[in-house]
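Please view the sequence and the structure together while reading.

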Amino acid sequence: MSRCMIVEGARVRTGAVVGAGTILSRTTHVIDVQTGEELPRGEVPAWSVAVGGTRSRQFPGGEFGLPCVLVLKRLAEGERHDKAALNDVLRDHGINA
């Protein structure tokens, strides 16, 4: 969790790994990239790998990217990744580690 901002009211559950620069508040949308499911706002699920991202929203003035948190992978309870495995997860999703 390098240079992350976890604001009061947000939750990072047990065993979760949050990518560098992620901003999480109690109202931040959290999305599972595997299913497209919107998860509870402001909460990174237990045993997951999450990064900051954007989602497109259409407004009368145009389409804009709004901040969100993307859950890239769910881990088995108690599973830990070493740094190389985490870098592989990020690389698999086109994110520079």
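The sections below treat the overall fold, the sheet, the nonpolar cores, the salt bridges and the surface.

## Overall fold

The model described here is predicted. The protein contains 9 strands and 1 helix, and along the sequence these follow the pattern β-β-β-β-β-β-β-β-β-α.

Of its 97 residues, 35% count as buried. Where contacts join residues at least 6 apart in sequence, 46% of them connect residues at least 24 apart.

## The open sheet

An open sheet is formed by 5 strands, arranged in the order S3-S8-S9-S5-S6 with mixed pairing. Strand S3 (17-18) and strand S6 (38-39) each have a single partner strand and stand at the edges, so one side of each has no neighbour in the sheet. Strands of a sheet pair through backbone hydrogen bonds, in either a parallel or an antiparallel sense.

Within this sheet, strand S8 (residues 48-59) pairs with strand S9 (residues 62-74) in the antiparallel sense over 12 bridges.

## Nonpolar cores

The largest nonpolar core consists of 10 residues. Both Ala50 and Val71 belong to this core, together with Ala10, Ala16, Val18, Leu24, Val30, Leu39, Val44 and Val69. A second, separate core has 9 residues, including Ile31, Trp47, Cys68 and Leu75.

Leaving aside residues up to four places away in sequence, Val71 touches Val30, Ile31, Asp32, Val33, Leu39, Pro45, Ser48, Val49 and Ala50.

## Salt bridges

The structure holds 3 salt bridges. In one of them, Arg13 and Glu43 have their closest N and O atoms 3.2 Å apart. Arg13 lies in the loop between S2 and S3, and Glu43 lies in strand S7 (residues 43-44), so the pair ties together parts 30 residues apart in sequence. Arg13 counts as partly exposed at 34% relative accessibility, and Glu43 is also partly exposed, with a relative accessible area of 23%.

Another salt bridge joins Arg74 to Asp32, with the closest N and O atoms 3.4 Å apart. Because Arg74 lies in strand S9 and Asp32 in strand S5 (residues 29-32), this pair ties together parts that are 42 residues apart in sequence. Asp32 counts as buried at 7% relative accessibility, while Arg74 is partly exposed, with a relative accessible area of 42%. A further salt bridge is formed by the side chains of Arg55 and Glu38, at 2.9 Å from N to O. This pair links distant parts of the chain, with Arg55 in strand S8 and Glu38 in strand S6, 17 residues apart. Arg55 counts as buried at 16% relative accessibility, whereas Glu38 is partly exposed, with a relative accessible area of 35%.

## Surface

The accessible surface of the protein is about 6,200 Å². Carbon and sulfur atoms account for 49% of this surface.

Val7 lies in the loop between strand S1 (5-6) and strand S2 (11-12). At 34% relative accessibility, Val7 counts as partly exposed, because that class covers values between under 20% for buried and over 50% for exposed.

Note on methods. Residues are numbered from 1 along each chain as its sequence is written. This is a predicted model: local features need pLDDT of at least 70, side-chain atom pairs count only at pLDDT 80 or more; totals for chains, interfaces and linings use all residues. Side-chain values use heavy atoms; hydrogens and water are left out. Helices (H or I, at least four residues) and strands (E, at least two) are DSSP runs, numbered from the N terminus. Buried means under 20% relative accessible area, exposed over 50%, partly exposed in between (1.4 Å probe, protein chains only). Two strands pair if DSSP finds at least two bridges between them. A nonpolar core is a set of buried Ala, Val, Leu, Ile, Met, Phe, Trp, Tyr and Cys residues joined through side-chain atoms within 4.5 Å. Contact means heavy atoms within 4.5 Å. Accessible areas come from the Shrake-Rupley method with a 1.4 Å probe; for residues, only the protein chains shown count as cover. A salt bridge is a side-chain nitrogen of Lys or Arg within 4 Å of a carboxyl oxygen of Asp or Glu.
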